[in-house]
Amino acid sequence: MENTTAYVLISRDSYLLRWCILNARLRAGIDHDWLVVLWINPDEPEAPRAEIRAFCKAEGIRIAEFVATREREHDSRTAWFLHSLYRAWNLGMEASETKWVARMGSDQFFSKGWLKNLHLAAEKHGERATYHCWTVESTAAKHSRHDVQDWGTTWQTFDHPRFEQYASDLIYRYQHQVTIPGDECDLMFRHPARGLQHRADGATWLMTKVLWEEFGPMRDTINEEGVTGDVDFLDRMGDAGVPAYLVPISATFHLVAGESRDIQQR
């Protein structure tokens with residue numbers, strides 16, 4: 001069995017999933033396992049899910065499935081979406097069978113050696129930390145604290161050459177600085193309860209499953225401090241002294257809400 005699982009969520013877009021997995025697997029730089037969390041909305045047609053299952057079977061990728069609750073069972077569309085989203089993120093961690101786990105979205109493209117370079121960072125700082133990709137977001141992002149570049153907002157319009165040049169420059173500039181501590185990076189986050197913070201949080205991060213078992217699962221509601229499950233999860237680790245590191249030699253372009261854009265904008 002491989003030492004690391006990369007897992008991704010998907011509901012219906014097999015083409016987006018194919019784009020993401022094929023680029024991430026080809027560019028990982030080390031052997032790893034794959035897991036797809038299939039989010040089943042009971043009121044949606046079966047055909048797209050059949051395509052996803054067929055792709056995963058052909059590529060030798062494991063699937064963990066769950067049936068989402070219906071929107072009418074929640075107070076709002078946002079509450080329904082968060083409940084299903086974090087249920088899916090937690091299932092990915094639970095179903096991973098390796099020491100290390102890389103959480104990722106289906107709407108990302110990665111730099112060469114992205115996973116190998118996250119592990120280089122882990123070799124430097126150890127297992128009790130999280131390691132975050134340097135994230136660039138598309139212009140679909142609203143008020144992003146990450147770098148925003150006009151390199152397309154869909155996988156069909158993604159400007160691969162410009163991302164490649166950007167990522168190569170990062171790897172060159174930071175070749176002797178594998179990590180940046182979260183409290184020293186330039187990513188500013190205005191926490192609704194804790195004020196302005198430096199945070200390394202990336203669209204994809206690497207951590208051990210043991211660490212997740214200690215601090216997880218992620219909450220599927222907005223917490224008392226007004227933040228979502230992933231922010232709350234990272235807050236709890238930070239409060240316990242678990243550091244987060246930004247890894248600039250591991251870059252990812254995030255299309256932003258690729259499959260769920262129509263949901264989140266309603």
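How much space lies in the second largest pocket? In this predicted model, the second largest pocket holds about 320 Å³ of space. Its lining consists of 19 residues, and those nearest the centre are His198, Arg199, Leu234, Gly238 and Ala244. Two or more lining residues are given by each of the elements β10 (195-198) and α7 (229-239). Helix α7 supplies the largest share of the lining, 5 residues. Sorted by class, the lining of the second largest pocket comprises 7 nonpolar, 6 polar and 6 charged residues.

| Strand pair | Sense | Bridges |
|---|---|---|
| β1 and β4 | parallel | 5 bridges |
| β1 and β2 | parallel | 6 bridges |
| β2 and β3 | parallel | 6 bridges |

Individual residues illustrate these pairings. Val8 stands opposite Met104 in β4, while Leu9 has Val37 in β2 as its bridge partner. From β1 the chain passes through helix α1 (residues 14-27) to β2, in a β-α-β crossover that is right-handed.

Strand β2 (residues 33-40) also pairs with strand β3 (residues 62-67). Here Trp39 has Phe66 in β3 as its bridge partner. The chain runs from β2 to β3 by way of helix α2 (residues 47-59), and this β-α-β crossover is likewise right-handed.

The cysteines remain to be considered. A disulfide is a covalent bond between the sulfur atoms of two cysteines. How many disulfides does the count come to? The count is 0 disulfides. For Cys56, the closest cysteine sulfur is that of Cys20, 12 Å away, which is too far for a bond. Cys56 counts as buried because its relative accessibility is 0%, and buried means under 20%. Cys133 is in no disulfide either, since the nearest cysteine sulfur, again that of Cys20, is 11 Å away and a disulfide requires sulfur atoms within 2.5 Å. With a relative accessibility of 1%, Cys133 also counts as buried.

Key. Residues are numbered from 1 along each chain as its sequence is written. This is a predicted model: local features need pLDDT of at least 70, side-chain atom pairs count only at pLDDT 80 or more; totals for chains, interfaces and linings use all residues. Side-chain values use heavy atoms; hydrogens and water are left out. On a 1 Å grid over the protein atoms alone, a cavity is a set of points where a 1.4 Å probe fits but cannot get out, and a pocket is an open set with protein on both sides within 12 Å along at least five of seven lines; lining residues have an atom within 4 Å of a point. Grid points are joined across faces, edges and corners, and a volume is the space filled by probe spheres set on the points. Helices (H or I, at least four residues) and strands (E, at least two) are DSSP runs, numbered from the N terminus. Ala, Val, Leu, Ile, Met, Phe, Trp, Tyr, Cys and Pro count as nonpolar, Asp, Glu, Lys and Arg as charged, and the others, Gly among them, as polar. Buried means under 20% relative accessible area, exposed over 50%, partly exposed in between (1.4 Å probe, protein chains only). Two strands pair if DSSP finds at least two bridges between them. A crossover is right-handed if, with the strands pointing away from the viewer, the path from the first strand over the helix to the second runs clockwise.
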